Amino acid sequence: MSLVSLPTYLEAVRSGNIVALPTDTVWGLAVAPDHSSRLYQLKQRSLEKSLILLGASAADLWPYVRMDTLQWQTVTKQHWPGQLTLVVPASPKVPLGMHPKTPDSIGVRVPDHPMARQILTLTGPLATTSANLSGQPTLTTLEQVLTQFPNVYGLSPQSAVEHLTSSTVMPTPSGLPSTVACWQSDHWEVIRQGTVYL
């Protein structure tokens with residue numbers, strides 16, 4: 001298991017290494033977008049399945065999206081941070097490695113998890129996927145993630161409290177999937193119903 005301090009964790013991200021990231025839904029594996037292929041290799045994930053881009057705020061994700069802000073501003077103001085993934089037209093800024101089979105679209109989300117958002121503020125948006133081997137159940141604790149993926153970096157709880165949380169109680173992932181909605185020219189179509197209803 002690789003529990004590290006915040007500076008080491010951030011350096012790992014900058015160097016293109018995969019890190020464990022808590023979210024409001026499940027534990028995730030995250031990497032800088034330019035190194036997305038490493039997530040596919042680690043998870044043995046099909047290239048047919050795109051990765052999700054997580055950001056600390058909607059504004060951080062706008063450069064990766066090719067659509068009028070007004071078209072998604074209403075739904076993001078209502079449901080972000082939260083358990084809602086929006087599949088939207090992708091801008092050229094999204095590395096092809098994040099969505100090799102669906103280059104025209106990308107899933108984006110702002111998680112409702114204070115520590116995740118603080119980390120994302122420091123790293124910038126990250127390519128993410130659930131922490132599990134493809135087709136296997138998702139892992140529910142940091143210990144499980146680092147046991148199955150020993151080369152992944154995990155943020156030491158002590159370092160997280162010292163540098164990020166300011167004594168705030170951190171929510172544990174709910175274990176429930178996010179709602180996924182896809183933009184269809186002039187409306188949102190729900191393609192996976194989760195905890196958020198549009």
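Where does proline 81 lie? In the loop between H4 and S5, with helices (H or I, at least four residues) and strands (E, at least two) taken as DSSP runs numbered from the N terminus.

A few notes on this one:

1. Ground rules. This is a predicted model, where local features need pLDDT of at least 70, side-chain atom pairs count only at pLDDT 80 or more, and totals for chains, interfaces and linings use all residues. Residues are numbered from 1 along each chain as its sequence is written, and side-chain values use heavy atoms, leaving out hydrogens and water.

2. The cis bond. Going from tryptophan 80 to proline 81, the peptide bond is cis, with omega near -5 degrees.

3. The core. The largest nonpolar core has 38 residues, and Trp80 is among those with the most contacts inside it, as are Trp72 and Val108. (A nonpolar core is a set of buried Ala, Val, Leu, Ile, Met, Phe, Trp, Tyr and Cys residues joined through side-chain atoms within 4.5 Å; buried means under 20% relative accessible area, exposed over 50%, partly exposed in between, with a 1.4 Å probe and protein chains only.) H4, S5 and S6 are among the elements that each supply at least two residues of this core. There's also a second, separate core of 19 residues, including Leu6 and Ala160.

4. Positive phi. Glutamine 44, in the loop between H2 and S4, has phi near 60 degrees; at 60% relative accessibility, glutamine 44 counts as exposed. Serine 185 sits in the loop between S9 and S10, with phi near 65 degrees, and counts as exposed at 66% relative accessibility.
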